[in-house]
Amino acid sequence: MLPGRLLVVMDDEHARGLLVAVLRSDGYKADAAATRAEALSLIDRHAYALVVSSLRMPHLDGPELSEVLQARWPLEMPALIFVTQPAFAPDLARFLMDSAAPLLQWPAPPADIRRLVARSLAPTPA
């Protein structure tokens, strides 16, 4: 049985559509948000097992999204995967190290997406 709902937060329409298509083809319930307002609205209405998000988006970057999720679900924060182009801003390096969220280099083949999603959703040993 697949875990709960997944959320894809990306302003790039093509990338967002591809990620959602891959997730849905694997049987996941996947919602999509293109803007900060859409993402926050969905986060307020649903509990997510995993959030896949652009590291940099207008009005909603990785650190801010992480803070929103931590505030919403302090005891059971969803797993996170951040998506970025091969070169990203050095100011985000510290955040990525602290968050321990995996980074998906874009563009990514569907096999890499599936592998990283499965690893992120795998139960952690007690």
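Predicted model: local features only at pLDDT ≥ 70, side-chain atom pairs only at ≥ 80, totals over all residues.
Residues are numbered from 1 along each chain as its sequence is written, and side-chain values use heavy atoms, with hydrogens and water left out.

**View A. Helix α1 against helix α5.** Helix α1 covers residues 13–25 and α5 covers residues 110–121; their axes come within 10 Å and cross at roughly 65°. Helices here are DSSP runs (H or I, at least four residues), strands are E runs of at least two, and both are numbered from the N terminus. Axes are lines fitted to C-alpha atoms, for helices over the stretch in contact, with angles from 0 to 180 degrees between N-to-C directions. From α1, Leu 19, Val 22, Leu 23 and Ser 25 meet Pro 110, Ile 113, Arg 114 and Val 117 of α5 (contact means heavy atoms within 4.5 Å). That makes six nonpolar residues, one polar and one charged. Nonpolar means Ala, Val, Leu, Ile, Met, Phe, Trp, Tyr, Cys and Pro; charged means Asp, Glu, Lys and Arg; the others, Gly among them, are polar.

**View B. Helix α2 alongside helix α3.** Residues 36–45 (α2) and 62–72 (α3) pack at about 20°, with axes 11 Å apart. The two are therefore roughly parallel (under 35 degrees; over 145 is roughly antiparallel, 65 to 115 roughly perpendicular, and the rest oblique). On the α2 side you'll find Arg 36, Leu 40, Ile 43, Asp 44 and Arg 45, and on the α3 side Glu 64, Leu 65, Val 68, Leu 69 and Arg 72.

**View C. His 46 and its neighbours.** His 46 sits in the loop between α2 and β3. Leaving out residues up to four places away in sequence, His 46 touches Arg 5, Asp 31 and Trp 73. Its C-alpha atom is 15 Å from that of Arg 36, ten residues apart along the chain.

View D. The Trp 106 to Pro 107 peptide bond is cis, with omega near 5°. Pro 107 belongs to the loop between β5 (103–105) and α5. His 59 isn't a glycine, yet its phi is positive, about 70°. Look for His 59 in the loop between β3 (50–54) and α3.
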